[in-house]
Amino acid sequence: MKASTGDRLVVHGRIVGQHDHVVEIIEVLGTNGTPPYRIRAEDGHEAIMSPGPDSVVQHKTAADVHPTR
């Protein structure tokens, strides 16, 4: 798993009815984009996380950086 600052990390729910948890990667602490990551949730909570196999990185795109108006 490799990520960059600004990418989103999606942690899939582990039980039926549990929603996915989406956080923003604000710092990559591993080498060459590897975990652990400093993450920020929508509510502003920050943590250091080493994601498991139930997680997926959504890489930021140019549209995310410069949205059209």
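**Surface, core and charge pairs in a predicted model**

The protein exposes about 5000 Å², and carbon and sulfur atoms supply 52% of this area. Accessible areas were computed by the Shrake-Rupley method with a 1.4 Å probe; for residues, only the protein chains shown count as cover. The model is predicted: local features need pLDDT of at least 70, side-chain atom pairs count only at pLDDT 80 or more, and totals for chains, interfaces and linings use all residues. Residues are numbered from 1 along each chain as its sequence is written, and side-chain values use heavy atoms, with hydrogens and water left out.

The protein contains one helix and five strands. From the N terminus, the order is β-β-β-β-β-α. Elements are DSSP runs numbered from the N terminus: helices are H or I with at least four residues, strands are E with at least two. Of the 69 residues, 22% are buried. Buried denotes under 20% relative accessible area, exposed over 50%, and partly exposed the range in between (1.4 Å probe, protein chains only). Among contacts with a separation of 6 or more, 40% join residues 24 or more positions apart. A contact requires heavy atoms within 4.5 Å.

The largest nonpolar core has nine residues: Ala3, Leu9, Val11, Val23, Ile25, Tyr37, Ile39, Ala41 and Val57. Strands β1, β2 and β3 are the elements that each give two or more residues to this core. Such a core is a set of buried Ala, Val, Leu, Ile, Met, Phe, Trp, Tyr and Cys residues joined through side-chain atoms within 4.5 Å. In soluble globular proteins, nonpolar side chains tend to be buried together. Core residue Ile25 touches Ala3, Ser4, Thr5, Gly6, Asp7, Leu9, Tyr37, Arg38 and Ile39, leaving out residues up to four places away in sequence.

Asp7 lies in the segment before β1 (8-11). Asp7 is buried but has no salt bridge. The nearest side chain of opposite charge belongs to Lys60, 5.7 Å away. For charge, Lys and Arg count as positive and Asp and Glu as negative; His and the chain ends are not counted. The backbone nitrogen of Lys60, however, lies 2.8 Å from a polar atom of the Asp7 side chain. Beyond neighbours within four places in sequence, Asp7 contacts Val23, Glu24, Ile25, Val57, Gln58, His59 and Lys60.

Three salt bridges are present in the structure. The criterion is a side-chain nitrogen of Lys or Arg within 4 Å of a carboxyl oxygen of Asp or Glu. Side chains of opposite charge can pair when their charged atoms come close. Arg14 is exposed at 70% relative accessibility, whereas Asp54 is buried at 18%.

Glu27 and Arg38 also meet in a salt bridge, again 2.9 Å from N to O. Glu27 belongs to strand β2 and Arg38 to strand β3 (residues 37-40), so the pair ties together parts eleven residues apart in sequence. Both are partly exposed: Glu27 has a relative accessible area of 33%, and Arg38 has 28%. Glu46 forms a salt bridge with Arg40, with the closest N and O atoms 3.0 Å apart. Glu46 is partly exposed at 38% relative accessible area, as is Arg40 at 33%.

How values were computed:
Polar contact = N/O pair within 3.5 Å; in protein donor to acceptor, adjacent residues only side chain to side chain.
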